[in-house]
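Hello,

The structure we talked about is below. My notes on it follow.

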Amino acid sequence: MIVLIGLFAGFYGGLFGVGGGTIIVPALIWLGQRPKVAAATSLAAIGITAVAGAIFYLWYGEVRVLYALLLGIPAATGAVFGTAFQQRLQSRVLTALFAVLLAAIGLKLVIG
Amino acid sequence: MTIALAIVIGAAAGVLAGLFGVGGGILFVPALLMLGLGQHQAEATSLLAIVPVVFVGSWRQNRYGNIRWASVWKLGLGSLVGVVGGGLLAERLNPGSLQRLFGLLVIAIALEMGWRALRDDAASEPPPG
């Protein structure tokens with residue numbers, strides 16, 4: 001069952017250039033894992049998906065390594081702060097703001 | 001200028017990734033499109049940019065003992081096959097179609113998060129008295 005979840009999340013990750021955490025976390029919770037464990041386990045599994053996906057696309061010559069470093073290194077630093085903020089901020093307000101931001105990005109991408 | 005913008009967007013995406021416990025790909029792809037990459041290049045580059053984020057995140061989570069490594073290897077085994085399948089499909093789609101599909105995915109995630117914010121609103125009501 002867990003291998004199947006990985007298969008589906010990997011397919012989705014390879015198709016859209018994402019890790020697949022939005023698939024893995026709810027699936028693991030559905031299988032009975034605690035949310036904190038599901039999120040942490042998903043994060044580690046995403047590492048495998050991202051490395052495999054990056055190697056796949058390197059083969060196709062699509063990866064811009066400089067841009068990946070320019071985004072990825074500051075993002076890794078930012079993630080440390082994000083994890084720390086998580087404990088203090090009103091996560092409901094942030095989730096709502098983030099939803100609005102994503103809705104705007106999504107609409108722009110669909111409309112073109 | 002582009003470099004400075006990329007660094008700022010990367011840091012912001014990382015904060016959000018840490019907050020929501022994800023790799024950040026859903027933000028990296030639009031950011032890379034904004035920086036001028038094509039849809040396929042943006043997705044490919046996003047996957048590589050996720051690697052340092054999850055490396056740092058997993059390192060921190062592992063210290064708290066939250067990671068179930070047996071599940072990680074099973075998920076990883078499936079994802080190795082899945083990611084090649086997804087990548088091959090992406091390579092067959094033209095950039096415009098792939099971008100619209102990605103846009104629909106982003107809207108779906110936005111709706112899911114909006115619903116979660118509303119639901120948590122009800123759940124986090126302080127107890128009476």
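Of the 112 residues of chain A, 56% count as buried (20 or more other C-beta atoms within 10 Å of a residue's own, with C-beta atoms placed from the backbone; 12 or fewer is exposed, and in between is partly exposed). This is a predicted model, in which local features need pLDDT of at least 70 and side-chain atom pairs count only at pLDDT 80 or more, while totals for chains, interfaces and linings use all residues. Residues are numbered from 1 along each chain as its sequence is written, and chains are lettered from A and ligands numbered from 1 in the order in which they are written.

Chain A has five helices and zero strands (DSSP runs numbered from the N terminus: H or I of at least four residues for helices, E of at least two for strands). Its C-alpha atoms fill a box of roughly 40 × 35 × 30 Å along the principal axes. The chain is divided into domain 1 (1–63) and domain 2 (65–112), with bounds from an automatic or database domain assignment. The centres of the two domains, taken over C-alpha atoms, are 18 Å apart.

The largest nonpolar core has 79 residues (buried Ala, Val, Leu, Ile, Met, Phe, Trp, Tyr and Cys joined through C-beta atoms within 7 Å). Ile24(A), Leu71(A), Ala75(A), Ala13(B) and Val106(B) touch the most other members. Helix H3 (residues 35–59) of chain A gives the most to this core, 14 residues. Both domains of chain A give residues to the core, so it lies between them. Leaving out residues up to four places away in sequence, Ile24(A) touches Ile5(A), Ala9(A), Ser42(A), Ala45(A) and Leu75(B); contact here is C-beta atoms, placed from the backbone, within 7 Å.

On the interface, 87 residues of chain B are in contact with 77 residues of chain A. H3(B) gives the most to the chain B side, with 21 residues. By class, that side has 51 nonpolar, 27 polar and nine charged residues (nonpolar is Ala, Val, Leu, Ile, Met, Phe, Trp, Tyr, Cys and Pro; charged is Asp, Glu, Lys and Arg; the others, Gly among them, are polar).

H3(B) is also mostly covered, with 20 of its 25 residues buried. H3(B) is followed by Gly65(B), whose phi is positive, near 70°.

Regards

Conventions:
Contact = placed C-beta atoms within 7 Å.
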